[in-house]
Amino acid sequence: MTDSEPVPAGEDEAQPELCDLCGTVVSDSTEWYALVPDSSSIHAVDARFDGKRMVVGCTKEHLAELVEQYKHRLFIEPQLWAGKIARALQKHGGRINEEDLAEETGLAPDQIEAGVTWQSLEYPRWRQQSGEDGPDPSS
């Protein structure tokens, strides 16, 4: 390899972060981190991280503003449960019996029902608001 060829980034090499408030690129390891509650955050494989989101600030003040914003966001448990259900379904190719679903998600039957209900009511609303289902007829 010559000096002019790009070198693949190693797994140990630090990647720059973006401030979640202003979008500033932070590449000098001066970023600030916080874990905030977020019912829409579902970890790909580890349920211990469900409902928690890591936010990044370029300054201590930006991080404080982000934490404050998340304090005022609703934490919607059925949304969290819907995410847990979706992860289990994805892991099992869309097919899982009720008993295994409860075991896999750690949810009680009433929580599973609430998560499924939330998903069936809120997802179509989101699709409509995002324009995927055409314009909202009420506007």
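Modeller: Welcome! This is a predicted model, and we can begin with Ser-39: leaving aside its neighbours within four places in sequence, Ser-39 is in contact with Leu-74, Phe-75, Ile-76, Gln-79 and Leu-80.

Colleague: Thanks! Is Ser-39 buried or exposed?

Modeller: Ser-39 sits in the loop between S3 and S4. Buried means under 20% relative accessible area. Ser-39 has 2% relative accessibility, so it counts as buried.

Colleague: Is Ser-29 buried or exposed?

Modeller: Ser-29 lies in the loop between strand S2 (25-26) and strand S3 (32-37). Ser-29 has a positive phi of about 60° although it is not a glycine. The cut-off for exposed is over 50%. Because its relative accessibility is 59%, Ser-29 counts as exposed.

Colleague: Within what arc do the buried residues of H1 fall, seen down its axis?

Modeller: Helix H1 covers residues 60-71, and Leu-63, Leu-66 and Tyr-70 are buried in it. An α-helix has 3.6 residues a turn, so residues three or four places apart point the same way. The buried residues of H1 line one face of the helix, because they fall within an arc of 60°.

Colleague: Which strands are included in what covers those buried residues of H1?

Modeller: The face of H1 turned away from its buried side carries the exposed residues Glu-61 and Lys-71. For the buried residues, the cover includes S3 and strand S4 (52-57).

Definitions and conventions:
Residues numbered from 1 in each chain as written. Predicted model: local features only at pLDDT ≥ 70, side-chain atom pairs only at ≥ 80, totals over all residues. Heavy atoms only, no water. Helix = DSSP H or I, 4+ residues; strand = E, 2+ residues; numbered from the N terminus. Buried < 20%, exposed > 50% of the residue type's maximum accessible area, 1.4 Å probe, protein only. Expected span 1.5 Å × (residues − 1). Arc of directions from axis to C-beta. Contact = heavy atoms within 4.5 Å.
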